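Okay, everyone, thanks for coming.

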Amino acid sequence: TTTIIIIMARLTLLLVAVVAAMASAFVPSSNIIVQRSAAPEASTSTALPVNIKVNVGEGEPIESALRRFKREVNKSGHLMDLRYKRYFENSQDRKKRKIVQARFRVRMERMNARRMRKQRT
């Protein structure tokens, strides 16, 4: 029975170490240093200021936290901006894309309004 207790203690310690490693994976590291040059560079960077935080509750499954994180990333629109900035897009193409997006947005708003009216009746 003592060997079982020792094995259980080691497994518990291993489980605690894995959970601690997973929890620290979501914490941004503070030792990253970004240095900027004195001369302004051309704006060829695709970097975006991303401020998305997901607080993981005590005992919350990591899958649900990842699901919430993905939802927040999609709502922020950063991935869409990066997709459009991946290649050069001239002003005419940008205008066409914005018109298509506006049409889709208006269509979705109409559909949701119709759905809400139907639910009220």
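**Salt bridges, a helix and a greasy patch**

So, glutamate 72 comes out as partly exposed, because its relative accessibility is 32%. Keep in mind that this is a predicted model.

Glutamate 72 has a partner: lysine 75, with 3.5 Å between the closest N and O atoms of their salt bridge. Both residues sit in helix H2, three residues apart, about one turn of the helix. In general, an α-helix has 3.6 residues a turn, so residues three or four places apart point the same way. Lysine 75 itself is exposed, because its relative accessible area is 62% and the cut-off for exposed is over 50%.

How many salt bridges does the structure hold? Three. Another one joins the side chains of glutamate 60 and arginine 68, at 3.0 Å from N to O. Both ends are partly exposed here: glutamate 60 because it has 24% relative accessibility, and arginine 68 because it has a relative accessible area of 29%.

Then there's arginine 97 with glutamate 89, where the closest N and O atoms are 2.9 Å apart. Are these two buried or exposed? Both are buried.

Back to helix H2 for a moment. Just after H2 comes glycine 77, with a positive phi of about 85°.

Now the whole chain. Of the 121 residues, 5% are buried. The accessible surface comes to about 11,700 Å², and carbon and sulfur atoms hold 59% of that.

Last stop, the surface of the model. Which residues form a nonpolar patch there? They are Ile4, Ile7, Met8, Leu11, Leu14 and Val18, with about 580 Å² of accessible area together. Methionine 8 belongs to helix H1, residues 2–25. It counts as partly exposed because its relative accessibility is 49%, and exposed would need over 50%.

That's my tour, so over to you for questions.

Methods:
Residues numbered from 1 in each chain as written. Predicted model: local features only at pLDDT ≥ 70, side-chain atom pairs only at ≥ 80, totals over all residues. Heavy atoms only, no water. Helix = DSSP H or I, 4+ residues; strand = E, 2+ residues; numbered from the N terminus. Patch = residues over 30% accessible without salt bridge, like charges linked within 9 Å, V, L, I, M, F, W, Y side chains within 5 Å. Areas by Shrake-Rupley, 256 points an atom, 1.4 Å probe, with all protein chains shown as cover. Salt bridge = Lys/Arg side-chain N within 4 Å of Asp/Glu carboxyl O. Buried < 20%, exposed > 50% of the residue type's maximum accessible area, 1.4 Å probe, protein only.
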